[in-house]
Amino acid sequence: MNIGIDIDNVISNFNNTLLEEYLLHDKTLRNSGVINKNADYIRNGMFDWTENEELTFYKKNIERIAKNLGVIEGAKEYIDKLHKDGHFIYIITGRDNGEYTDPYNMTKKWLDKNNIYYDNLILTNAYDKHAKSLKCIEHNIDIMIDDSVNICNDCISNGIKPILMDTPYNKYSNIPRVKSWKEFYRYVSNNKKN
């Protein structure tokens with residue numbers, strides 16, 4: 001099978017790292033901490049920052065943060081197993097969105113540094129929910145694992161099987177989901193094409 005795999009919150013620990021960074025910055029800003037634990041997202045109403053304060057911090061720090069993300073437990077191991085089982089691995093990530101100086105080489109370097117196997121690296125614009133589906137169609141992707149409900153819904157609309165990687169911010173969806181790489185590997189193994 002051709003398997004599409006997102007990076008942030010699927011291979012990398014993006015949300016956890018972003019929250020740590022926001023908590024650190026909040027101490028220097030006002031030290032009021034998390035004011036809304038039930039916020040839609042870290043960047044949207046979790047802290048008492050103004051929109052300008054949040055956007056300025058994000059834009060100034062996102063490249064540094066992305067270069068230093070950790071790998072989610074099991075990601076490398078199970079991607080290696082999927083490859084060994086004969087599947088083709090397409091990393092399809094929404095990093096071509098104007099937030100990074102050289103997103104392709106930054107991402108390639110991160111994947112290589114963390115020894116993540118892939119057959120093809122494809123960058124799309126994260127703010128265009130249809131961009132990943134177009135790449136999935138172009139590369140005959142059979143299954144796409146992502147953390148975005150919008151992207152998964154667009155995959156469904158375009159005949160691509162999505163699997164949602166569980167995060168605190170995508171709980172309200174009936175898209176098939178997994179909570180770990182072990183679960184995703186089991187799902188793929190049980191649903192191989194004949």
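Colleague: Is Arg30 buried, partly exposed or exposed?
Modeller: Arg30 is partly exposed, with a relative accessible area of 38%. Buried means under 20% relative accessible area, exposed means over 50%, and partly exposed lies in between, with a 1.4 Å probe and protein chains only. The model is predicted: local features need pLDDT of at least 70 and side-chain atom pairs count only at pLDDT 80 or more, while totals for chains, interfaces and linings use all residues. Residues are numbered from 1 along each chain as its sequence is written, and side-chain values use heavy atoms, with hydrogens and water left out.

Colleague: Which side chain meets Arg30 in a salt bridge at 2.7 Å, N to O?
Modeller: That is Glu53. A salt bridge here is a side-chain nitrogen of Lys or Arg within 4 Å of a carboxyl oxygen of Asp or Glu.

Colleague: Why does the pair tie together parts that are 23 residues apart in sequence?
Modeller: Because Glu53 lies in helix 2 and Arg30 in the loop between helix 1 and helix 2. Helices (H or I, at least four residues) and strands (E, at least two) are DSSP runs, numbered from the N terminus. Glu53 is partly exposed, at 23% relative accessible area.

Colleague: And what does Asp48 form with Arg30?
Modeller: A salt bridge, in which the closest N and O atoms are 3.4 Å apart. Asp48 and Arg30 are both in the loop between helix 1 (14-29) and helix 2 (51-67), 18 residues apart, and the pair links distant parts of the chain. Asp48 has a relative accessible area of 29%, which is partly exposed.

Colleague: How many salt bridges does the count come to by this rule?
Modeller: The count is 13.

Colleague: Which residues do salt bridges that share partners join into one network?
Modeller: Asp6, Lys132 and Asp146.

Colleague: New topic: which residues form the positive surface patch?
Modeller: Lys81, Lys84, Lys182 and Arg186. Patch residues have over 30% relative accessible area and no salt bridge; like charges are joined within 9 Å, and nonpolar side chains (Val, Leu, Ile, Met, Phe, Trp, Tyr) within 5 Å.

Colleague: Which helices each supply at least two residues of it?
Modeller: Helix 3 (75-84) and helix 7 (181-190). Lys81 is in helix 3, and its relative accessible area is 34%, partly exposed.

Technical notes. Areas by Shrake-Rupley, 256 points an atom, 1.4 Å probe, with all protein chains shown as cover. Lys, Arg positive; Asp, Glu negative; His and termini not counted. Charge placed at Lys NZ, Arg CZ, Asp CG, Glu CD.
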